[in-house]
Amino acid sequence: MKHVLWLIGVLLMPVTLFAEDAVKWSYKLVGDNTEHPRIEMTAEISPGYHLYSIDNPAGGSNPLVFYFDTQGCKVEGNPEPNKPYIKEYDDIFEVDQHMYDGSVTFTQKIIPLESRYSVDVEIKGQACNDTGCVQVFGSHHFEGKAPVAAATPEEKKDKPEEVVPEKESLHEEARELAQMTDSLQASEPWMTPAANLSGITAHHNWWENVEAEMMVFSEDPHQQSRSLWYIFIAGFVGGLIALVTPCVWPMIPMTVSFFLKQNKTRKKSIASAAVYGLSIIVIYVALGIIVTVLFGASALNELATSAGFNIAFFVLLVIFAISFMGGFELTLPSSWTNKMDSKVDSTSGYVSIFFMAFTLALVSFSCTGPIIGTLLVEAAATSNFVSPAVGMGGFALALALPFSIFAMFPTMLKAVPKSGGWMNTIKVVLGFLELALALKFLSVADLAYGWRILDREVFVSLWIVIFALLGFYLLGKLTFPHDDKVEKVGLFRFCLAVISLSFAVYMLPGLWGAPLKSISAFTPPLSTQDFNLFDGEVVAQVDDYDQGLMVSKDLGKPVLLDFSGFGCVNCRKMEAAVWTNPEVKKLLDDDFVLVTLMVDDKTPLPEPVKVTEKDGTVRTLRTLGDKWSYLQRSKFGANAQPFYVIVNDEGKPMSGSYSYKEDVAAYLKFLTSGIENFNKQK
């Protein structure tokens, strides 16, 4: 167990994926100039994502649909995949989902009717991973030749019209709402010149792109400043915790005494200690910078949602927790520290002091490792490039301050508590906290893979047991191998025990469905709880974008656009875990016009509409789901669901956007900032 440096690599290993790269399509016409040509459409599915099949059962996620517009030929049968789908039961939708991962090729047979023919292919579907779902699109134009014998008059008579799969109407109300917007018949820049705008929009300004305006909110320098201050303070607190661990605390008087003895004057001792402290800061800040440069800011942001990383981090924290509780001693290879000691001896001056600081970083690894790892994950969640360096700066500053302060005022060393049993108590307490935190990371992986081994009631039960046992430990009712016998409980230790036991009691109602607002960001969603007495469902007032803006104008309230989907698992999680919070529910019911737009709604538009995407691709909108998906892409530049944005009655954003993150406090902040900005612009 001593050679565990590889754990640092596991700790910092992110998994990156952008929504727009979830599925990439490639196309090939096979057998051109023959009587039996075929089209091959290959989907390359990014790791972590799965693409739902053509025959995905009703009630599940959105199935894959192929549209073929043919000239001089006809399609025969349906596209055939080159491998069987994976069947997996989905507890959210209570159906067997059919899906593909990796790579899959669909082959469509073509029957030529003329010597020259063409086929326009459009593909729609849905791909999901553990953080959300995205709409999948594909399109391609084929032109081919056929032998003269294939183009007979009899076959020409059989030439079909466009083959369009039959749509299933999900609700007639949406069809009526679409028909309300038939008044505008002029062409718009975001549509092809021949497009019919019937059923698309009642006011073209409402559909204008607002990405630049949203960036103003997203890049609010005050918000960034607050995030960086939060990370710095979190790092500083982590450094203070690391200070009182057995790996670091004994080093303070030893190191300061070394400086005082080596230097004959107090001035030189202070200078040496200051360089030592600065070296510690440089080492840890450099670690933060290296992590960011190696992986990038966007990659670090995926740390909080990567299932593989969360499993690795869970295992890592459990190992550290067992070590802290006295199960075994966890250290780096002795050859590493010996090498650093030799560097200290072989060099002189400030270089020698730098290697002393590096030795401290290595020796204290077993205590600082889990704190640093957790801090880096927290920094990654801010999506700010400099966050890891800022967090490490705060951590290192707290770690370095005592060495400099005690070197300046050496008499203060006499008042420093000596190492003893109290330090082992701190280690054990950290072990309990790491066990609780480890469950949070396991929960992310459990939700991603659908194991259902850590449903909400199981998670809450384990936290109740952990914090109750921590309380009993602090009261001296529970001991571990390296603990001294507790003769009497001090006031500070007693207060900590009361806090821990009270927290365990606070969580008890969560077993029956209480929201547990203070830990909602850690617990699994309410939808995973089998026995739930809580009733606080939120229902959208409107399911049409244009009508929502009209209602907003009448009521004088901002609009909360909820881009969702019938097959979006994480949309259901947000509704169960965040919208059910009483404060969130009250705001949604009283202060907003809630508009839910289902991007996989199959209700047909009055007639298909061709639109031109920003990249020049021409697509056909055939259903309400197509319409809302296009609105999300063209207006807000987003494709993943769930996606929330607050707008006024003119379709202008009142805040930045919010995606999948089960954090009630963050969602409340998102809602209140939108209300404040809406009231200011009145």
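Where is Asn33 found? Asn33 sits in the loop between β1 (23-30) and β2 (38-45); strands are DSSP runs of E, at least two residues, and helices are runs of H or I, at least four, numbered from the N terminus. This is a predicted model, where local features need pLDDT of at least 70, side-chain atom pairs count only at pLDDT 80 or more, and totals for chains, interfaces and linings use all residues. Residues are numbered from 1 along each chain as its sequence is written, and side-chain values use heavy atoms, leaving out hydrogens and water.

**Asn33**
- Phi of Asn33 is near 65°, a positive value in a residue other than glycine.
- Most residues other than glycine have a negative phi.
- Asn33 is partly exposed, at 47% relative accessible area (buried is under 20%, exposed over 50%, partly exposed in between; 1.4 Å probe, protein chains only).

- Arg633, in helix α20 (residues 624-636), is buried with a relative accessible area of 12%.
- Leaving aside neighbours within four places in sequence, Arg633 is in contact (heavy atoms within 4.5 Å) with Phe137, Glu613, Lys614, Arg619, Ala638 and Asn639.
- Ser655 belongs to the loop between β16 (643-647) and α21 (664-680), and counts as buried at 4% relative accessibility.
- With neighbours within four places in sequence set aside, the contacts of Ser655 include Met214, Phe217 and Ile646.
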